[in-house]
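Here are my notes for you, as promised. Keep the structure open while you read and click along with each point.

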Amino acid sequence: MATTVTVTGAAGQIGYALLFRIASGQMLGPDEKIHLRLLEIPDAVKAAEGTALELQDCAFPLLASTEIFDDAGPAFDAVDVALLVGARPRTKGMERADLLEANGAIFTQQGEALNKGASSDVRILVVGNPANTNCLIAMNNAPDIPSERFTAMTRLDENRAVAQLADKLEVGVEDVQDLVVWGNHSPTMFPDLFHANVKGERAVDKVEMDWYENEFIPRVGKRGAEVLEARGASSAASAANAAIDHVRDWVLGADGLRSMAVHSIGAYGVDEGLVSSFPVRVSGGSYEVVEDLEIEDFARSRINNTVNELREERDAVKELQLI
Ligand code: NAD
Ligand code: LMR
């Protein structure tokens, strides 16, 4: 068996940190051969060719082929896993919302191309920002693909939250379980300590509410900006790592709760059709939103806030006629 994986923005920063890990088997497991496709804009094809040379030089046993495209049509033909990374990243001083117009058009075109050619069980992960709403755009431009096949990445937020909490409590990251992030991949996101566990105890009971509210939530929400400020470029290796985690868990399964931004069917008062991060369980190659968690008032107001932002983004892309 072999899986066809297309990575857009393959010559970008995240692409460079991602492709080698996919080709080495870290995303789909040690037994799955991979046909890798790199999609770029024409100006960046030469750089993608350079990356393809390096992929060859790694002599990865699982890498069955590498092809480069500057046209979404053939790049997505019969694709099994599509990683939509290619988009402009924000630069210092920009908020993610500023990227809506700049990047939205990319996702109408790629949604249409996926709709025409993708394999019937395609899995799509949108990483390019604003990820939730780009995913919404692609999904709405691909009416023949079941909506549950479209996902956007909030796993980086989950991983950041786990690392920050473990650091605070002086435990290993493996001691933190079920820490889910709700809503938008933006500073409004809500990292949920009410359902998270640390060594079997509720995480929220192990921290002070003041730290949770005034340090932890803003730190996790603004971590992208912190990295951007320090590196002078937006996070790349950690984003690639989260994309690997997201797809690996979706395909191969995992224990406990995970965060994935997926189309809402109305659970927890999130408008149907919005792409919002929810607690999911992953097994047997699919995910399921966990619908019966009790939501306390503190969490409810934060979930409402981040979902409101998603509504505003949806309305803005409607106005731009992208959906
Ligand atoms: P980058 O500028 O280094 O690379 C982006 C690449 O996309 C470029 O090579 C560019 O040529 C390519 N590209 C642009 N339009 C394209 C198109 N239509 N088709 C194919 N390729 C196209 O940026 P990066 O650092 O790799 O970041 C990529 C995106 O990921 C940005 O939008 C960034 O904000 C986002 N991001 C998301 C998360 C997340 O957690 N969801 C985390 C980090 C970064
Ligand atoms: C991140 O969270 O690091 C990315 O979304 C990049 C950014 O612009 O913050």
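Which residues in the largest nonpolar core touch the most other members?

1. Bear in mind that this is a predicted model. The largest nonpolar core has 44 residues, and those touching the most other members are Leu-165, Leu-179, Phe-190, Leu-193, Tyr-212 and Phe-216. Several elements each bring at least two residues to this core, including helix H6 (155–169), helix H7 (209–221), strand S13 (275–283) and helix H10 (297–319). Apart from this core lies another one, with 32 residues, among them Phe-20, Ala-48, Ala-239 and Ala-240. Here's the general idea to take away: in soluble globular proteins, nonpolar side chains tend to be buried together.

2. Leaving out residues up to four places away in sequence, Leu-165 touches Val-176, Leu-179, Leu-193, Val-198, Ala-203, Val-207, Trp-211 and Phe-216.

3. Now zoom out to the whole chain. The protein chain has 10 helices and 14 strands. A compact globule of 323 residues would have a radius of gyration near 20 Å, and the protein chain, at 19 Å, agrees with that. Its C-alpha atoms fill a box of roughly 50 × 45 × 40 Å along the principal axes. Buried residues make up 55% of the chain. Take the contacts between residues at least 6 apart in sequence: 73% of them join residues at least 24 apart.

4. Have a look at helix H5 (residues 131–140), where you'll find Thr-133. Thr-133 has a relative accessible area of 2%, so it counts as buried. Not counting residues up to four places away in sequence, Thr-133 touches Leu-100, Leu-310, Glu-313 and Val-317. In the loop between strand S5 (123–126) and H5 sits Pro-130. The peptide bond joining Asn-129 and Pro-130 is cis, with omega at about -5°.

5. Glu-170 is not a glycine, yet its phi is positive, near 55°. Glu-170 lies in the loop between H6 and strand S7 (176–177), and it counts as exposed because its relative accessibility is 75%. Asp-178 isn't a glycine either, and its phi is positive at about 60°. You'll find Asp-178 in the loop between S7 and S8. Is Asp-178 buried or exposed? Its relative accessibility is 19%, so Asp-178 counts as buried, since the cut-off is under 20%.

Key. Residues are numbered from 1 along each chain as its sequence is written. Chains are lettered from A and ligands numbered from 1 in the order in which they are written. This is a predicted model: local features need pLDDT of at least 70, side-chain atom pairs count only at pLDDT 80 or more; totals for chains, interfaces and linings use all residues. Side-chain values use heavy atoms; hydrogens and water are left out. Helices (H or I, at least four residues) and strands (E, at least two) are DSSP runs, numbered from the N terminus. Buried means under 20% relative accessible area, exposed over 50%, partly exposed in between (1.4 Å probe, protein chains only). Contact means heavy atoms within 4.5 Å. The radius of gyration is taken over C-alpha atoms; the globule rule is 2.2 Å times the number of residues to the power 0.38. A nonpolar core is a set of buried Ala, Val, Leu, Ile, Met, Phe, Trp, Tyr and Cys residues joined through side-chain atoms within 4.5 Å.
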